[in-house]
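Below are brief notes for a colleague, to be read alongside the coordinates.

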Amino acid sequence: MSHPENSNAVKNTSNAPKDVQDLFMPVKIALSDRPLGLLEVGQKIKENGLGFVPEASRRETRLSAPFLGRTVHHISGPDEMRSVLMEHWEDWKKSPVAQRILKPVLGDAILTAHGESWRRQRMSLQPAFIKRRIERFIPAINAIARATGETLLQGEPPVEVASPLYDATYEVIETLLYTHPEADDRASVRGAIETLLVEMGALRWSDMLPLPDWMPRHMGPKAKAALRVFQNSTAQHIAQRRKSGTFGEDLLGLLLEAQDEETGQTLSDQDIRDTIMTFIAAGHETTAVTLTWTLYLLSQDLKTQDRVRAEVNAVLGEGEITAENLAQLRFTRQVIEEAMRLFPPAPIFGRVADKPSEICGYRVKRGDICMIDIYPMHRHHKLWDNPDHFDPDRWSDERRPKDRLQYLPFGAGPRACIGSSLAMMEAVIMLATFVRMAKFTPVAGYEIEPKLTITLRPKGGLPLFVERA
């Protein structure tokens, strides 16, 4: 695949940065510095999931080249993102590769649906994520965050922090869904979810072939068994709630009572089941990986960690995080924003042109592939000062980027993440609680390696020393 440098010019949009010598430069992913053939693309994807992306995407904003009889467009600029994800979004569908990987597990839920099915689900689900509804869950998130902080403090040093964070965010989404989940099947369902996440995160050679959309992706017996465990558990929750006659005010209750405002149509049990799986897969996975990378960055930059701790103590004193004081944790939020810039949970995704369209005036044909290169855009040399360095102050009011489309941890346009506000609220509460309770320092000599599976995880987890603050 060749990478001609044919792109629109962009301007630096951030204000004066700190001296680069004062900033920590975290690990980064090696992108491709030359054209790759099919076998090389497959090998790069197997190695780290992003190795096939051209390094030139950090200097240019569109690269177009023929590949397997189609044209592939790599885009990594805000104007191009606006064109594909907002202005002409209906011309583009989710990539066939993503559909083959996700649909066997997620079904026709909001993440994979198109057309009327997607519109109906989006309209039905939107009310579940309004501010006053998600703020009701703050006390539950506080409790889970405190318990997780104690788990981290009591672990055998050095503590592998990623696993407890995944457990914590899973417990949050489970509590938000069911309020009081059944303890007897929690372990088996949690294990089934992890098996299914591994299944969806394992890219195969066959996924890259131009197979027809109707051809299902093969699932192994272990993944099939895990899917049955999850589906049976979810069906039981739905049946019990319907039988009770009281839907409740958790997310399951909201799904059961959700209606399309235009048609009055409600969600079927299968819609609800697929949506719950999507919430669990997308909701807990992305928040956990964001928190993991944030703790990695703070462990390497103790001055910034101390600033977060000082802000949390000043805002909260001896009290709890509430809806009223959450907004005051501004620097804590900036740290999370910067972590998601450097390590976006979904660093790349694809679209296929469903009809002739354009990218900023550049004509594209039906069947063309567009790679939405979030990771290169978040580290773009023409969009950011010191793009590879950890600098939470770039999110201050004075330095925050003027074009919001150069920063897309939750996507953009009509198909942007529906739960972004909930995810950010949870991440701020979790991080504030952890740093309030504990000090995190690195393990000397440990080399962290980003690995793209379903999200951008640190390969092998993240060991840190954790001591009481």
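1. Just after helix H9, Gly 245 adopts a positive phi of about 80°. Helices here are DSSP runs (H or I, at least four residues), numbered from the N terminus.

2. This is a predicted model, in which local features need pLDDT of at least 70, side-chain atom pairs count only at pLDDT 80 or more, and totals for chains, interfaces and linings use all residues. Residues are numbered from 1 along each chain as its sequence is written, and side-chain values use heavy atoms, with hydrogens and water left out.

3. The 24 residues of H9 (residues 221–244) should span 34 Å at 1.5 Å a residue, and the end C-alpha atoms are 35 Å apart, which agrees. The expected span is 1.5 Å times one less than the number of residues.

4. Among the buried residues of H9 are Phe 230, Thr 234 and His 237. Buried means under 20% relative accessible area (1.4 Å probe, protein chains only). Their cover includes helix H7 (162–178) and helix H11 (269–300).

5. Ile 276 touches Phe 230 and Thr 234, and also Leu 177, Tyr 178, Leu 252 and Leu 255, not counting residues up to four places away in sequence. Contact means heavy atoms within 4.5 Å.

6. Arg 190 lies over the face of Tyr 170, at 5.0 Å from the ring centre; Arg 136 lies over that of Phe 137, at 5.4 Å. The criterion is NZ of Lys or CZ of Arg within 6 Å of the ring centre and within 35 degrees of the ring normal.

Note on methods:
Helix = DSSP H or I, 4+ residues; strand = E, 2+ residues; numbered from the N terminus. Buried < 20%, exposed > 50% of the residue type's maximum accessible area, 1.4 Å probe, protein only.
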